[in-house]
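Me: Could you walk me through some labels for this model, and set each one against its definition?
Reply: Gladly, have a look at it here.

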Amino acid sequence: MSEKTVDYSHTLNLPKTDFAMKAGLAQKEPALLEKWAKEGLYAKIKEKQFASKKNFILHDGPPYANGNIHIGHALNKILKDIIVKFRTMEGYNSYYLPGWDCHGLPIEHQLLKELKKKKSEVDCVDFRKKAHDYAMKYVGIQREEFKRLGVFGEWDKPYLTLNHEYEYWILKSLERLNSQGYVYRGLKPVNWCYQCETALAEAEVEYEDHTSSSVYVKFEVINPEVIKGLVPGRKVYLLIWTTTPWTLMANVAVAVHPQFIYKIWDNGGEYLIVEESRAREVLLKGKTLAREETKIELKGKDLEKVVYSRPFGSKEGRVVTADYVTKEDGTGLVHTAPGHGQEDFETGKKYNLDVLVPVNDRGVYTDEAGEFAGKHVAKVDDEIIDYLKKKDVLFAEEKIPHSYPHCWRCKQPIIFRATKQWFLKIDHQNLRGKLKDIVNDNVQWIPEGGRERILGMVTTRPDWCLSRQRYWGVPIPAVSCKGCKGEHKLFADVIAHFADIVKREGTNAWFEKDILELVPKGFVCPDCGKGDFEKTFDILDVWFDSGVSHQAVVKAVMGYELPIAMYLEGSDQHRGWFQSSLIPAVAMEGKAPFQSVLTHGFVVDGEGRKMSKSTGNVVAPQDVIKNSGADILRLWVASSSYNEDVRISKEILDRLTDAYRKIRNTVRYILSNLDGFAPTQDTLDYAKMQKIDQWALSRLWATMKDVRAAYDQYNFAKVYQSIYAFCNEDLSSIYLDILKDRLYTSPTKSQERRSAQTVLYHMLNHLVRNLAPLLAFTAEEIFAVMPKDQGMNNVPSVHLLGWIDPDDQWENKGQIEIFFKPLVALRPYVMKALEDQRRSGVIGGSLEAQVIIETSSERIYETLLPHHSFFPAFFIVSQGTLERRPAIHETLGAEFPQTRVIIKKAEGKKCGRCWNYKIDVGHNGEHPTLCARCTAIVKESIE
């Protein structure tokens with residue numbers, strides 16, 4: 001028989017698998033989603049969860065139903081899904097009930113934009129119906145987009161804050177807090193958006209760069225005689241500074257620090273009073289050149305008798321003291337308008353000052369502003385400055401850029417404006433103290449910095465403004481009592497009565513029904529004894545809606561007591577949902593609604609810039625899914641350090657796609673060499689395995705321990721890194737490379753091949769479970785084609801598998817790692833030497849080579865001697881030897897002194913079956929191209 005005509009490929013165990021090399025995720029994932037839906041996968045997962053006796057409930061913070069999902073949504077929902085999937089695999093009941101925030105300004109704002117109308121141009125009831133439909137439209141859109149990410153949950157029965165039952169619990173929570181004395185109505189300055197015509201919560205305010213008019217204004221002292229040492233007849237001025245000239249209309253006082261030193265300067269025949277450390281910098285801003293310091297100085301508390309002429313209006317103003325006055329900027333004298341600032345308001349209460357608010361809901365001056373009535377506060381600075389110039393009280397003016405609060409929806413600057421609102425009192429029944437104690441002692445914050453962040457906010461936050469002047473939301477069922485001169489009042493009986501109506505009909509009833517139907521029959525005001533009421537039309541802060549979800553959802557729908565395991569949202573929710581959930585929970589139940597809080601950063605572009613359409617750097621999750629598949633997005637989330645802002649760009653996604661391909665190809669190689677392997681029958685006991693296979697299992701054991709610890713710590717970047725490193729370094733670069741000869745050329749059912757296959761099966765069995773929370777679709781694809789043991793045969797999805805820990809005997813107390821450590825350390829040097837000889841043309845493939853390790857170090861020789869028989873397999877060469885030499889001056893790093901690698905052509909001929917070079921090739925006349933080992937295998941297969 002001619003050597004050229006002999007084909008031994010049929011005697012080899014060539015790789016074979018249905019697992020495609022090309023991922024094609026964008027095409028395959030929708031089919032898997034359809035399959036999961038058809039087979040009712042989530043119902044099976046839920047059945048498995050509910051059978052568990054231990055709970056890990058992650059409560060979903062509701063996104064607004066006001067547009068398609070963005071990349072931040074994807075980050076948030078995938079993080080939640082990874083945790084839920086992992087905990088479910090661990091054996092927890094980790095039931096996930098998604099929800100949506102369906103009320104409030106975000107939805108109202110978007111709808112008004114679509115309608116191209118202002119709030120004043122729409123009918124309330126009609127608008128509310130449109131808002132309901134608008135919200136439901138985007139609930140449907142976002143639900144499909146979240147499902148497309150591979151996120152599992154109760155998508156067919158989500159919680160919606162506009163559902164009648166949910167609205168009922170909002171009102172019941174309000175009733176309970178009101179009955180406990182937490183809710184009151186009062187006049188206070190609040191964040192006010194004149195564009196949206198409503199009060200705003202702190203969480204609805206964003207700080208953006210803004211340029212303001214900065215003015216230094218002279219307030220003329222009416223009673224200069226109270227200051228000793230002044231030249232009679234000269235005018236005396238308090239010099240103030242403000243970046244909001246429009247608020248001068250509401251000025252009633254000037255605040256000074258009681259302990260600061262204030263000096264009087266002669267400014268060309270007039271006196272100016274300025275805090276001593278600020279004087280020189282401030283006075284240089286004025287135009288007058290003749291100025292000098294007098295010897296007169298006073299403490300701030302000595303100025304309290306001073307009265308001045310207000311720049312607007314005929315009334316007098318007075319000097320008051322306040323500890324919040326600083327020396328950081330300004331003049332040390334603070335213009336005080338209690339109607340337009342929180343600190344000013346508190347000072348006003350202390351001194352019984354007038355609260356002037358000459359500005360209406362739209363930011364327009366009222367008649368109280370005199371000649372400025374009808375002008376908008378955002379457009380009036382120049383006119384006010386001209387007015388001050390004409391009165392000769394403008395000392396200096398300039399434009400300054402600074403950070404200024406803006407409405408988070410319309411993006412316009414806001415104002416502070418005192419209005420009558422409903423508030424939740426933070427210091428009632430020591431609530432603030434309880435919140436601080438619980439934040440410190442009862443909640444795990446992930447990352448730990450979240451504790452200080454929210455603690456600082458809770459410590460300094462004002463009372464919670466609960467009311468909004470909008471159309472779309474849950475109405476505050478307060479009534480105006482005509483018997484009490486129209487005073488707005490909240491009664492527990494009225495709230496409870498209305499809550500029952502809402503449970504049946506929804507909150508539109510408040511706007512549609514007569515007042516007599518909205519209060520209990522025969523109800524009268526307990527204060528005046530009359531029953532003549534009118535409806536009021538404030539709605540509840542949307543943060544209160546979502547903040548009581550622990551009552552409306554966790555307790556009422558899911559049936560769990562507080563606290564549940566986790567809340568997870570972006571870091572901005574320390575001042576948003578985390579607080580709005582914590583406050584009512586502690587007030588009503590005396591405990592936090594959560595045991596742990598995990599926060600993530602914002603998504604930015606590859607350069608760390610905020611994403612915006614105008615910049616053109618927005619990455620849409622829909623585009624990523626369309627081009628690459630949802631699993632690439634999931635890998636991006638898993639690989640990111642979410643404790644900080646998370647970067648995304650085409651380059652980042654391309655790198656992750658390459659990493660995904662490496663993991664996929666590793667899995668494919670494993671699968672292709674498990675063809676025909678039946679785990680139940682073919683798995684080899686650990687003691688019967690080859691040493692190199694035991695080493696591979698020790699690497700698997702170590703990796704799985706790292707992965708499990710990282711999952712438990714919610715360090716998904718470490719999970720990804722550990723899996724990737726294992727696939728790329730331990731497997732692709734070493735173990736799988738070494739295995740090829742044994743897998744391909746050994747007899748199919750031989751012990752040496754089964755040893756390797758057993759290891760591959762264990763690796764796959766662990767990897768598919770480790771990957772399932774991260775790569776939900778790819779793991780399912782792997783599971784569909786992998787060999788299964790008896791316990792997995794009837795499991796329809798990878799997502800119904802339980803977590804498994806690696807067998808501790810694989811760790812082998814570290815002995816096997818120690819044994820192979822010298823070979824692992826030596827391998828890079830040998831690989832480099834082989835590559836150098838390949839480039840120079842001495843050899844082709846590595847099997848054409850023999851490796852000779854020469855050393856003059858007795859220690860190195862003794863270390864490597866037990867391993868020299870592994871050289872051919874470990875270095876993938878045909879022959880390998882270890883030789884002593886009298887003196888070698890070369891070194892292979894610090895680990896191998898007096899040692900070198902010699903690469904030579906292998907001895908013998910190339911075997912036509914295994915491709916190894918051996919001296920016994922051709923010794924058998926029947927198979928002249930084969931080595932003795934392959935000849936024996938071929939003969940056995942023929943027989």
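**Helices and strands by definition**

Reply: Helix α12 (residues 492–505) has 14 residues and spans 20 Å from first C-alpha to last, close to the 20 Å expected at 1.5 Å a residue. The expected span is 1.5 Å times one less than the number of residues. Helices here are DSSP runs of H or I with at least four residues, strands are E runs of at least two, and both are numbered from the N terminus. This is a predicted model, where local features need pLDDT of at least 70, side-chain atom pairs count only at pLDDT 80 or more, and totals for chains, interfaces and linings use all residues. Residues are numbered from 1 along each chain as its sequence is written, and side-chain values use heavy atoms, with hydrogens and water left out.

Me: Which residues of α12 are buried?
Reply: They are Val-494, Ile-495, Ala-496, Phe-498, Ala-499, Ile-501 and Val-502. Buried means under 20% relative accessible area, with exposed over 50% and partly exposed in between (1.4 Å probe, protein chains only).

Me: What do the buried residues of α12 pack against?
Reply: They pack against α6 (164–179), α13 (509–512) and α14 (515–518), where contact means heavy atoms within 4.5 Å. Just after α12, Gly-506 has a positive phi of about 95°.

Me: Why are α3 and α22 called oblique to each other?
Reply: Helix α3 (residues 71–90) and helix α22 (residues 691–712) pack at about 120°, with axes 11 Å apart. Angles under 35 degrees count as roughly parallel, over 145 as roughly antiparallel, 65 to 115 as roughly perpendicular and the rest as oblique. α3 and α22 are therefore oblique. Ile-82, Phe-86, Arg-87 and Glu-90 of α3 make the contact with Arg-708, Tyr-711 and Asp-712 of α22.

Me: What makes β29 and β32 edge strands?
Reply: The open sheet has three strands in the order β29-β28-β32, with mixed pairing. β29 (879–884) and β32 (899–905) each have a single partner strand, so one side of each lacks a neighbour in the sheet. Strand β28 (residues 849–855) runs parallel to β29, and six bridges join them.

Note on methods
Two strands pair if DSSP finds at least two bridges between them. Axes are lines fitted to C-alpha atoms, for helices over the stretch in contact, and angles run from 0 to 180 degrees between N-to-C directions.
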